[in-house]
Structure formats: structure tokens, C-alpha cells
Amino acid sequence: MLKVDSIDVFYGNIQALKGVSLEINEGEIVTFIGANGAGKSTLLKTISGLLKPKNGDILYEGQSIAGKAAQMIVKQGISHVPEGRRIFANMTVEENLELGAFLRKDKNEIQKDFEKVYHLFPRLHERRKQLAGTLSGGEQQMLAIGRALMARPRLLLLDEPSMGLAPLLVKTIFRIIEEINSSGTTILLVEQNANMALSVADRAYVIESGRVVLSGSAEELNASEQVKMAYLGGH
Ligand SMILES: Nc1ncnc2c1ncn2[C@@H]1O[C@H](COP(=O)(O)OP(=O)(O)O)[C@@H](O)[C@H]1O
Ligand SMILES: [Mg+2]
């Protein structure tokens with residue numbers, strides 16, 4: 001479904017991604033684990049068209065999307081839930097969700113997706129008339145994911161959905177990620193929380209200082225001494 005082929009991405013003269021390659025098959029949950037500053041957000045921003053790779057290519061269903069406008073990429077079926085949620089605090093929950101569907105013209109189908117999102121997140125339904133800025137951190141993360149789903153993506157990019165959430169909520173969010181995946185959406189998840197990410201993923205990559213240093217099935221990485229030492233608290 002997605003093939004990232006040896007991309008180099010720069011901020012000015014700082015190189016944030018160095019020859020990064022990856023593949024995602026339809027139906028998978030693939031995770032990128034790595035420390036703060038490793039290049040995880042840069043990777044997602046490059047796939048979703050917010051940054052342009054200097055070298056290399058990104059193929060989505062066989063067609064190059066590298067450097068295309070972000071709106072075009074959303075229209076083709078890739079939605080990005082950015083790090084730190086970025087919801088619109090002064091708009092209601094419902095209005096935030098509406099914005100997620102703003103490139104779509106199929107009004108009846110949009111109504112169905114509202115129902116799906118409210119089914120997935122009953123909290124958002126209860127709070128649909130409330131200003132998004134008054135939601136808790138966990139509810140804001142739910143809203144950010146719900147808003148991305150309103151574009152009806154085939155590939156969902158999630159940037160550290162567990163960041164700053166209490167352990168119980170982290171579990172809830174990861175359960176919902178699995179539910180979204182079982183209903184047919186392919187997922188690329190980047191996380192510092194390697195334990196949780198590997199528990200839901202099919203395959204995983206480890207990124208260090210802008211380079212992929214390890215990849216394999218989630219099981220293989222969970223068992224790897226290198227991963228245990230660096231990312232799973234050493235046990
Ligand atoms: N807007 C920016 N300008 C300059 N450097 C940046 C910018 N955003 C990120 N970087 C740098 O790029 C590298 C990768 O950052 P990032 O992709 O945000 O990492 P992660 O998401 O894994 O924490 C870091 O060294 C970071 O300091
Ligand atoms: Mg990041």
C-alpha cells in the first residue's frame with residue numbers, strides 16, 4: 001500500500017531523515033519506535049505532504065505522492081493525527097469533526113461516519129456541543145483521531161497518541177486503534193511507548209537519529225535484546 005524509498009528530509013541544513021525506507025501492506029498496523037528527536041514526526045509529516053523529501057520517493061498504491069499537496073494526499077486516503085492533537089479549542093466537538101470531512105462531497109456518507117465515530121467514542125457523542133478546549137487530554141486525543149477518521153482514510157498516520165495520557169487511558173486509546181484497524185483501516189503508528197506500540201503492531205521499525213536501525217515482526221522486536229535494553233526498560 002505504501003512504500004517509502006530511501007528518503008532524505010532536511011530542516012534547512014539539518015538532516016532529520018537519512019535514507020529511510022519502509023513498506024506498509026494493506027490491513028497492517030506498522031509501528032515506528034524511537035526516542036525523542038529520532039525523526040518520527042518528520043517521517044509522518046513527509047508522508048502526509050507537510051514536508052518534501054530532498055531525495056528518495058514515496059509510493060502510495062504504486063503512485064508517487066512525494067511532495068504533493070497535503071490536501072491531495074488526504075483526498076487519496078491518507079489522514080494524519082499530529083503530535084499534540086491540534087484540535088480547534090474554540091470550536092465544538094461536532095464542528096471539529098465536521099472539519100475532518102471538509103474535502104468530501106458525499107453528504108449521506110459523512111453522516112454515517114459521524115455515527116461511526118460516535119460509536120467508537122461515546123464520550124465525544126456526550127460532549128458533541130461542548131467546546132473542544134474544555135475536553136480532557138484523553139478526550140482531545142479521541143477527538144483528534146475522530147477528526148482524522150471523518151476523512152474516511154484508508155491509511156491512518158498516528159503520531160504518539162499515548163503522549164501525556166494516564167495508563168488507563170493509554171490502554172483505551174490502543175484498544176480503539178486495534179478496533180479501527182479491524183474495521184479495515186491500515187495504520188502507521190509512531191510511538192515512544194514501545195511496549196504498547198509493539199503490543200498492537202504486526203511489524204515494527206526502530207529509528208535512531210534519522211535512520212532505520214532495525215525492523216521485523218513485532219514479536220521479533222519484542223524479543224530483541226537491543227530493543228529490550230534501549231526501549232523496553234531493560235527487562
Ligand atoms: N521545524 C524544525 N526545524 C529544525 N529542526 C527540526 C524541526 N522539527 C524537528 N527538527 C529536528 O529534526 C529531528 C527529528 O525531529 P522529530 O521528527 O520531531 O523527532 P521525533 O518525532 O522522533 O521526536 C530532531 O533533531 C529535531 O530537533
Ligand atoms: Mg515527534
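This is a predicted model: local features need pLDDT of at least 70, side-chain atom pairs count only at pLDDT 80 or more; totals for chains, interfaces and linings use all residues.
User: Which residues coordinate the magnesium ion (ligand 2)?

Analyst: Ser-41, through OG, and Glu-83, through OE, coordinate the magnesium ion at 2.0 Å.

User: Where do Ser-41 and Glu-83 lie?

Analyst: Ser-41 belongs to helix H1 (residues 40-47), while Glu-83 is in the loop between strand S6 (78-81) and helix H3 (93-100), so the pair ties together parts that are 42 residues apart in sequence.

User: Is Ser-41 buried or exposed?

Analyst: Ser-41 counts as buried, because its relative accessibility is 15%. Glu-83, at 31%, counts as partly exposed.

User: Turning to the helices, at what angle do H6 and H7 pack?

Analyst: H6 (residues 137-149) and H7 (residues 167-182) pack at about 15 degrees, and their axes are 10 Å apart. The two helices are therefore roughly parallel to each other, and H6 passes H7 in a right-handed crossing.

User: Which residues make the contact?

Analyst: H6 contributes Gly-138, Gln-141, Met-142, Ile-145 and Leu-149, and H7 contributes Leu-169, Ile-173 and Ile-180. By class, six residues in this contact are nonpolar, two are polar and none is charged.

User: What about the backbone: what is the phi of Glu-160?

Analyst: Glu-160 has a positive phi of about 45 degrees, although it is not a glycine. Most residues other than glycine have a negative phi. Glu-160 is in the loop between strand S7 (155-159) and H7, and at 5% relative accessibility it counts as buried.

User: And where is Ser-209?

Analyst: Ser-209 is in the loop between strand S9 (203-208) and strand S10 (211-217). Ser-209 also has a positive phi of about 45 degrees, and at 54% relative accessibility it counts as exposed.

Note on methods: Residues are numbered from 1 along each chain as its sequence is written. Chains are lettered from A and ligands numbered from 1 in the order in which they are written. Side-chain values use heavy atoms; hydrogens and water are left out. Axes are lines fitted to C-alpha atoms, for helices over the stretch in contact, and angles run from 0 to 180 degrees between N-to-C directions. Helices (H or I, at least four residues) and strands (E, at least two) are DSSP runs, numbered from the N terminus. Angles under 35 degrees count as roughly parallel, over 145 as roughly antiparallel, 65 to 115 as roughly perpendicular and the rest as oblique. A crossing is left-handed if the near helix is turned anticlockwise from the far one by less than a right angle, and right-handed if clockwise. Contact means heavy atoms within 4.5 Å. Ala, Val, Leu, Ile, Met, Phe, Trp, Tyr, Cys and Pro count as nonpolar, Asp, Glu, Lys and Arg as charged, and the others, Gly among them, as polar. Donors are N, O and S atoms within 2.8 Å of the metal (3.2 Å for Na, K and Ca); water is not among the atoms, so sites may look incomplete. Buried means under 20% relative accessible area, exposed over 50%, partly exposed in between (1.4 Å probe, protein chains only).
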